Amino acid sequence: MMQPPASQPDPYADPTPEPVATRQPTYIRMPSQPPIATYILVGFTVFIYVLQMLGSALLGDSNYGIDYVTLMGARISEAIDAGQIWRLITPVFLHGSLGHIFCNMHALYSIGSLLERHFGRGRFLLLYFLAAFSGNVLSYLFTQGYSVGASTAVFGLIAAEAIFFYQNRELFGSHARQAIGNAVFIIAINLFLGLSPNIDNWGHIGGLLGGAMFAWFAGPQWVLAGIPPEFSLRDERESREVVTGILLVVLVFGGLTAWRFFSGGG
């Protein structure tokens, strides 16, 4: 039996090109609301510092050598023992020198502008004041004399930034690793510098812990939503988790405050 001749390719036929995969650009809409709360915090803190300078010209205090405004709002543990609980918050608006307020307001503006866009205005303000509260609580427990400054809250912001990028590391990739590394470096350097005299490192540590605790439970957890090639970010953090973060900070640091307050002070 004879086999039919094998078919030969037509030398004149046009070859069929293989499909080539092309990369389509992907667009992700990031939160873009202006950081109004950050601007207000910076502006109000500067305004209070002007009042401090005016108060220094009008009235000082022989016990602490400070102006009247600072005397009324600084973290003075003996005054807190006497019932002046507002001093666990008000020191965040007070500063000891022009250099002091400049450094803290520069950090607040730089970090706060980013975090407010990520966290939203409400959660950002909660973060700021909970970190200030927790920082002043540890200062109240372990530091003598008086202390002032927004660095308690600023340390909380830095901790929250590291937590945010860690929890969203799959979305941000290498940028998340870089941001976390920068935050850890800044924290380590400033805690080391805080070993110097006249720096309230306990306030820094408290703000760091309070900010990290709140951010772990309440910080945004973003997922991509939408249809390619345009995506948006959806926050999957539930409101009950935000409440958990608030309660955790309040219960832990409020409990420490109550323990010292009702045990008769230091």
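The lining of the largest pocket is made up of 14 nonpolar, 21 polar and two charged residues. In this count Ala, Val, Leu, Ile, Met, Phe, Trp, Tyr, Cys and Pro are nonpolar, Asp, Glu, Lys and Arg are charged, and the others, Gly among them, are polar. The model is predicted: local features need pLDDT of at least 70 and side-chain atom pairs count only at pLDDT 80 or more, while totals for chains, interfaces and linings use all residues. Residues are numbered from 1 along each chain as its sequence is written, and side-chain values use heavy atoms, with hydrogens and water left out.

**The pocket**

The largest pocket holds about 850 Å³ of space. A pocket here is an open set of points, on a 1 Å grid over the protein atoms alone, where a 1.4 Å probe fits and protein lies on both sides within 12 Å along at least five of seven lines; lining residues have an atom within 4 Å of a point. Points are joined across faces, edges and corners, and the volume is the space filled by probe spheres set on them. Of the 37 lining residues, His100, Val148, Gly149, Ser151 and Asn198 lie nearest the centre of the pocket. Elements that each supply at least two lining residues include α1 (36-58), α4 (98-119), α5 (121-142) and β3 (146-147). Helices (H or I, at least four residues) and strands (E, at least two) are DSSP runs, numbered from the N terminus.

Asn198 sits in the loop between α8 and α9. Its relative accessible area is 83%, so Asn198 is exposed. Buried means under 20% relative accessible area, exposed over 50%, and partly exposed in between (1.4 Å probe, protein chains only). Asn198 also has a positive phi, near 70°, in a residue other than glycine.

**The chain and its core**

The protein chain has 10 helices and five strands. Of its 266 residues, 42% are buried. Among contacts (heavy atoms within 4.5 Å) with a separation of 6 or more, 74% join residues 24 or more positions apart.

The largest nonpolar core has 60 residues, and Leu108, Leu115, Phe119, Phe124, Tyr128 and Leu157 have the most contacts inside it. Helix α6 gives the most to this core, with 11 residues. Such a core is a set of buried Ala, Val, Leu, Ile, Met, Phe, Trp, Tyr and Cys residues joined through side-chain atoms within 4.5 Å. Leaving aside neighbours within four places in sequence, Leu157 is in contact with Leu108, Ile111, Gly112, Leu115, Phe124, Leu127 and Tyr128.

The C-alpha pairs below join residues that are apart in sequence.

| Pair | Sequence separation | C-alpha distance |
|---|---|---|
| Ala132 and Val92 | 40 residues | 6.2 Å |
| Phe217 and Gly245 | 28 residues | 5.0 Å |
| Ala183 and Ala162 | 21 residues | 5.9 Å |

Ala132, in helix α5, is buried because its relative accessibility is 0%. Not counting residues up to four places away in sequence, Ala132 touches Leu88, Val92, Thr152 and Ala153. Ala183 belongs to helix α8 and counts as buried, because its relative accessibility is 2%. With the residues up to four places away in sequence not counted, Ala183 touches Ile158 and Ala162.

Phe217 is part of helix α9. With a relative accessible area of 31%, Phe217 is partly exposed. Its contacts, not counting residues up to four places away in sequence, are Arg237, Glu241, Val242, Thr244, Gly245 and Leu248.
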